[in-house]
Amino acid sequence: MNSSQTVTVPSRAWFGDVERALTFPTGWDLHICACEDAPALSSTQIAAAFDNPIGTARIRDAARGRASAAIIVDDLSRPTPAADMLPHVLEELAAAGVPKGETAIVVGGGTHRPLTEEEVAKKVGADVAANYATTSHDFMAGDLVAYGSLEDGTPIYINRVVAEAEFKICVGGVYPHPSVGFGGGAKLIVPGVAGFATIFHFHSFSARRGQGNIERLKPSQGEAGDVTLIDGGVRDHRDVAEEVAGRIGLDMIVNCVLTSRRQIGGLFVGDFVEAHRAGARFAQRTYSTTIPNRLRQEADLLVCNAFPLDADPIQGSKALWPRDYFERDPYTVVLNAASDGISYHGLHQQLPWHQYLKRRAAADATPDPAASINGRENLLILSEHFQAAEFATKHSGDLLFRSWQTLIDQLAAKLPADATVAIFPNTSIQILAREEAVAVGA
């Protein structure tokens, strides 16, 4: 039992990284289902990861003699603190003799919107943004470089800045993902800096979808503790992304695993397969969350916090993973600040960003709904910034709340005085498991 009846969870990644206080009625039985977590790395430990790469030479040695470099980073839909890693990458490239004027940073957002100058500075750091050429990838651009096709028919079109750079390095994060096991690694190439035809084929034809999450990650050299690939003969999105990355000559990756407060808890530098797999194994341990069986059987309410994937409202779906683990069809609340407020994914909207903005500007303003809970079938989403019109499109049938107190007051009228509550502080990255049964007489 949590005696304070107030629980604090992190919120608003990239837009303050603040603490959100959740107050519950006296008498409710609160259970915090936190991940194993990891301590934040010191600056010395971060530097050590660059000194000891996995499966490759050090960046400064691998890049020696290269006349240009492209560094691909993810966008604000991902919580990766690239600004904490890029100074080390740039120092290594400078030591290799790569000219500063020939070093470019590309935001590999796939079909996501471009970042503003302010957002770029937030992502890569103000000093880096001011001193290095930085662009956002445009998957609809006509100026792409073709690399032919894979055997499965995937056409390969890649951002020209990346394609023409003599040294290519991806700086991203390792987070659970429903179709590639974990993000990071080669995923910043496809879909990160790929063209429309490549991304469309990647999402539509090149792999089976919906096959679970962590189990889809292919093992590396069969090391102990590795995750397994179900249906071993089936190509998945990870296979395709890595095949394309090999075709275009991706040299290295710098991938982090985050703590529950969006700090770097693990850093993996090196080969885009080997370093990624090492990061994935560490992520499995760090994000691991065991749900007690009694809680699974008795919970009346789930509170799923989308942090650290709570900037882009589309990512809120990754906060729903706990629902399948509970037996009593509990009410489900998702905390998704959706600080960006724009639910845009170019491939799904079938509109380029500039046309999408015109459509939104022309639309009538939609007032915030007066949400009223009727039954357990409605997903209850607390979001300060998810725009009502966008919400209605993406969450038909679900309920949008702006006030925690309004939401909890309505739930208090529905739930028993001793309601059991399961709270997941970082649901979007937590890797869930049921508690193992103890054998009788063990």
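Trainee: Which residue does Arg 64 form a salt bridge with?
Mentor: In this predicted model, Arg 64 pairs with Asp 61 in a salt bridge, and the closest N and O atoms of the two lie 3.1 Å apart.

Trainee: How many salt bridges does the structure hold?
Mentor: There are 17 salt bridges in the structure. One of the pairs is Arg 262 with Asp 17, whose side chains meet at 2.8 Å, taken from N to O. That pair links distant parts of the chain, since Arg 262 sits in the loop between β12 (252–258) and β13 (264–270), while Asp 17 sits in the loop between β1 (6–11) and β2 (18–23), the two being 245 residues apart.

Trainee: And what about burial for Arg 262?
Mentor: Arg 262 is buried, with a relative accessible area of 13%, whereas Asp 17 is partly exposed at 32%.

Trainee: Which residue meets Arg 20 in a salt bridge?
Mentor: The side chain of Arg 20 meets that of Glu 384, with an N to O distance of 3.0 Å. This pair, too, links distant parts of the chain, with Arg 20 in strand β2 and Glu 384 in the loop between β17 (379–382) and α13 (388–394), 364 residues apart. Arg 20 counts as buried because its relative accessibility of 11% falls under the 20% cut-off, while Glu 384, at 34%, counts as partly exposed.

Trainee: Which residues are linked in a network of salt bridges?
Mentor: Asp 51, Arg 58, Arg 60 and Glu 92 are joined in such a network.

Trainee: Changing topic, where is Thr 289?
Mentor: Thr 289 belongs to strand β14, which covers residues 288–291, and at 0% relative accessibility Thr 289 counts as buried.

Trainee: What polar contact does its side chain make?
Mentor: The side chain of Thr 289 makes a polar contact with the side chain of Gln 430, at 2.9 Å.

Trainee: So which residues does Thr 289 touch?
Mentor: Leaving aside residues up to four places away in sequence, Thr 289 touches Cys 33, Ala 34 and Cys 35, along with Gln 430, Ile 431, Leu 432 and Ala 433.

How values were computed: Residues numbered from 1 in each chain as written. Predicted model: local features only at pLDDT ≥ 70, side-chain atom pairs only at ≥ 80, totals over all residues. Heavy atoms only, no water. Salt bridge = Lys/Arg side-chain N within 4 Å of Asp/Glu carboxyl O. Helix = DSSP H or I, 4+ residues; strand = E, 2+ residues; numbered from the N terminus. Buried < 20%, exposed > 50% of the residue type's maximum accessible area, 1.4 Å probe, protein only. Polar contact = N/O pair within 3.5 Å; in protein donor to acceptor, adjacent residues only side chain to side chain. Contact = heavy atoms within 4.5 Å.
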